Amino acid sequence: MTDTDAQPPALTARAITLAVATVGTALLVAAAGAMPVPYAISGPGPTRNTLGEQDGVPLIEISGAPVFPATGELLLTTVSVSGGPDYPVTIADVVRGWVEPGRTVSPVEEVFAPTDSRDEIDERNQAAMISSQENATVAALEELGYEVPTTLTIADAIEGSGAEGVVRADDVIVAVDGAPVVSFSELSAALDPVTPGDPIALGVLRGGERHDLDITTTDDGAGRALIGVLVDPVFDFPVDVTIQIEDIGGPSAGTMFALGIVDLLTEEDEADGEVIAGTGTMDLTGVVGPIGGIRQKLAGAVRDGATWFLAPADNCDEVVGHVPAGLRVARIATLAEARTAVQAIGAGTADALPTCD
């Protein structure tokens, strides 16, 4: 029989103390879990098909040359980073970052300079994105045999180089050792046979007059000769290429932009229905450079349906042992190698491609 009129036992002082302590601890834990902590979390970001559209607008639009349909996908990959200015993370976020595959947790000072603001970071990333698009366009057009005339204006000399005190800002480079140069790739090729430390005769236009300047070259640290100047190039593109992409910054999409331009301008359907992801900076001579966040990009690629990934050769040490199931990785060092890889994947003959193993 149940006595509905029975009264609950009276609370003791010890029970009240335990209850208050439990509630207090829970509140402290909840508050600590919501407090910002000095860590940055990197994870797979969105991908974008450089052969496709975003919000109904093609990522790459070309005029002035025939454009051909493409059936494959060339995915640029990104990294999503939280924990920087205006994007704080909590201890709960950090714990998830430790346990979720494809994410890494780092002290925030390893990722962001303490003096950086969000606006400064965004501005730098946007500037790097614009530069990568320009580099990709030049490299892609020259890969296809177009000439891209360039005005090679000197912005400044590098301190301590042989050019310091010899060149002037606004000098325009027109020759190396008497051989005319009319593009950045020609300037680079003219320096290929030069041993660092050897002199060259740099032909410049200064105020409309030709001058031949004697300059001792410097070493770029990898055994290649440099003039020792900062060049601000202005390109005369034979084909108009417009790249439209929002909310993504940085230089690492250059390789996939260049491959997209090449695919659209060639009658061959190079990817031929395959979903190929990749990353890598692209310089004006078609060299693929290393990037950050390769493991996050691998995870994002396989998440979005890619079966192949094009990885910069200089990132291979970070790739080995971290390739997700269902994804194969091809090693690339130049745009020409990347294009060959896409053609082989599209043709079903990719087994012989170099890898990061």
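**Reading a sheet and its helices**

Tutor: Strands β3 and β7 pair in the antiparallel sense, with two bridges between them. Please keep in mind that this is a predicted model.

Student: Through what do the strands of a sheet pair?

Tutor: Strands of a sheet pair through backbone hydrogen bonds, and the pairing may be parallel or antiparallel. Here, β7 also pairs with β20, where four bridges join the two strands and the direction is parallel. Within that pairing, Leu-74 stands opposite Ile-276 in β20.

Student: How many bridges join β20 to β23, and do the strands run parallel or antiparallel?

Tutor: Strand β20, residues 275-278, is joined by three bridges to strand β23, residues 308-312, and the two run parallel. Ala-277 has Phe-309 of β23 as its bridge partner.

Student: What order do the strands of the open sheet have?

Tutor: The five strands of this open sheet are arranged in the order β3-β7-β20-β23-β24, and the pairing is mixed. At the edges stand β3 (48-49) and β24 (328-332), each of which pairs on one side only.

Student: Which strands does helix α6 lie across?

Tutor: Helix α6, residues 294-303, lies across β20, β23 and β24. To read its direction, one compares it with a strand: α6 runs at about 165° to β23. Helix α8, residues 335-347, packs on the sheet as well and touches β7 (73-76), β20, β23 and β24. The direction of α8 likewise makes about 165° with that of β23.

Student: At what angle do the axes of α5 and α8 cross?

Tutor: The axes of helix α5 (residues 254-265) and α8 cross at roughly 60° and come within 10 Å. That angle makes α5 oblique to α8. The crossing is right-handed. On the α5 side the contact is made by Thr-255, Ala-258, Leu-259 and Val-262, and on the α8 side by Leu-335, Ala-338, Arg-339 and Val-342. By class, the residues of this contact divide into six nonpolar, one polar and one charged.

Student: How do the axes of α3 and α5 cross, and within what distance do they come?

Tutor: Helix α3, residues 118-143, has an axis that comes within 8 Å of that of α5, with a crossing of roughly 40°. An angle between 35 and 65 degrees counts as oblique, and α3 and α5 are therefore oblique to each other. The crossing of α3 past α5 is right-handed. Residues of α3 in the contact include Met-129, Ala-136 and Glu-143, while those of α5 include Phe-257, Ala-258 and Val-262. This contact has nine nonpolar, four polar and one charged residues.

Student: Which side chain does Arg-339 meet in a salt bridge?

Tutor: The side chain of Arg-339 meets that of Glu-143, at 3.3 Å from N to O. This pair links distant parts of the chain, with Arg-339 in helix α8 and Glu-143 in helix α3, 196 residues apart. A search of the whole structure finds nine salt bridges.

Student: How many bridges join strand β11 to strand β18?

Tutor: Seven bridges join strand β11, residues 150-157, to strand β18, residues 229-235, and these strands run antiparallel. In this pairing, Val-229 of β18 is the bridge partner of Ala-157. Strand β11 also pairs in the antiparallel sense with strand β12, residues 172-176, over two bridges. There, Thr-153 has Val-172 of β12 as its bridge partner.

How values were computed
Residues are numbered from 1 along each chain as its sequence is written. This is a predicted model: local features need pLDDT of at least 70, side-chain atom pairs count only at pLDDT 80 or more; totals for chains, interfaces and linings use all residues. Side-chain values use heavy atoms; hydrogens and water are left out. Two strands pair if DSSP finds at least two bridges between them. Contact means heavy atoms within 4.5 Å. Axes are lines fitted to C-alpha atoms, for helices over the stretch in contact, and angles run from 0 to 180 degrees between N-to-C directions. Angles under 35 degrees count as roughly parallel, over 145 as roughly antiparallel, 65 to 115 as roughly perpendicular and the rest as oblique. A crossing is left-handed if the near helix is turned anticlockwise from the far one by less than a right angle, and right-handed if clockwise. Ala, Val, Leu, Ile, Met, Phe, Trp, Tyr, Cys and Pro count as nonpolar, Asp, Glu, Lys and Arg as charged, and the others, Gly among them, as polar. A salt bridge is a side-chain nitrogen of Lys or Arg within 4 Å of a carboxyl oxygen of Asp or Glu.
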